[in-house]
Amino acid sequence: MLLSCEDVERVVALVEDGHSLRYVARVIRASLSSIHSAMQRYGELGTYDRRQGSGYGRSASARDDRFLKVQVLRDHHTTAVQSRNRLENVRNVRVSERTVRRRFAEANLLSRRPAYGPQLEPQHRKARLRFAKQYQGWTPEQWASVLFTDESRFNLRSADGRERVWRRPENKYSPIGFSSRTPFGGASVMVWAGISSVVELVFVDHGTLNAHRYIEGILQDHLMPFAPIIGQKFIIMHDNARPHTARCVIQYLQEVGIRTPDWPARSLDLNPIEYVWGMLGRNVQRRDINTLEQLRATLLEEWDLIPERLSNG
């Protein structure tokens, strides 16, 4: 690791204060050999600067570095290997993958996991913008009459991408470094719920949810008893899933006097209940669950523990 003059100055100050080289390496976040070399150079030359001409010269010019940075800024999904190959093909300059990564770091470009969202075409973006403008001026009192509802499925066995294991490099495929997967999550349950004022968590059993089951098992049994609490201005916001947009569902909601706004396509992320589902899933995964019955019981328990300020939007 190449230490700057300021880093070497800190190294010398810490060592002269009586700290060990290992301690200094942890503080500076450098290797022990780099700290040792810096102290040795300071003892020989009495300066914080590197020796003139020491180290390897740069294999790429400033124009080559700009080429690498421009390429990755044009395509943020490109890899260091692809950038290295483009540089060789276009400018006939050979550099290592490590050099490419260093150039990206100099431009403050770091490799991170991307954020995920629905794929939106221009017409989807326009519809979402119209939807947002339609409700941007609403008061908290108006939003209090809105119930955000949705269904979600929870698996008995599921990985959330955050799982980590401490292991040595050679133990990648050993039992201690291996996480097995169960087909289809090892059984699952589907639930329905609503937020704004909290509606109970409802399990959708015996197959998939269709329009008739949505009316009889959800709207009639669990939504309509909730309607008098909100009043005549009751609005239900659900997405464009087939059970929600079927003609019989629309007709039923019109007959009982419950409004549903036009929900823009590919806009699951606009429904705030999605964030509650995420919180519920993370809380459930922290628990030791081995059976489907335990999963159901845990979902009910964790749903009741969600802070009211979050479930009320």
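Asn271 is buried, since its relative accessible area is 2%, a value that lies under the 20% cut-off for burial. In this predicted model, Asn271 is placed in the loop that runs between helix 12 (247-256) and helix 13 (273-285). When residues up to four places away in sequence are left aside, the residues that Asn271 touches are Phe148, Thr149, Asp150, Met237 and Trp263.

Among the contacts in the protein chain with a separation of 6 or more, 66% are accounted for by residues 24 or more positions apart.

A further contact was examined between two helices. Helix 1 (residues 5-16) packs with helix 3 (residues 32-45) at an angle of about 85°, and their axes are 10 Å apart. Helix 1 is therefore roughly perpendicular to helix 3, because angles of 65 to 115 degrees are counted in that class. On the side of helix 1, the contact is made by Val8, Val11, Val12, Val15 and Glu16, while helix 3 contributes Ile35, Ala38, Met39, Arg41 and Tyr42. Divided by residue class, the contact of helix 1 with helix 3 comprises 8 nonpolar and 2 charged residues, with no polar residues.

Notes
Residues are numbered from 1 along each chain as its sequence is written. This is a predicted model: local features need pLDDT of at least 70, side-chain atom pairs count only at pLDDT 80 or more; totals for chains, interfaces and linings use all residues. Side-chain values use heavy atoms; hydrogens and water are left out. Helices (H or I, at least four residues) and strands (E, at least two) are DSSP runs, numbered from the N terminus. Buried means under 20% relative accessible area, exposed over 50%, partly exposed in between (1.4 Å probe, protein chains only). Contact means heavy atoms within 4.5 Å. Axes are lines fitted to C-alpha atoms, for helices over the stretch in contact, and angles run from 0 to 180 degrees between N-to-C directions. Angles under 35 degrees count as roughly parallel, over 145 as roughly antiparallel, 65 to 115 as roughly perpendicular and the rest as oblique. Ala, Val, Leu, Ile, Met, Phe, Trp, Tyr, Cys and Pro count as nonpolar, Asp, Glu, Lys and Arg as charged, and the others, Gly among them, as polar.
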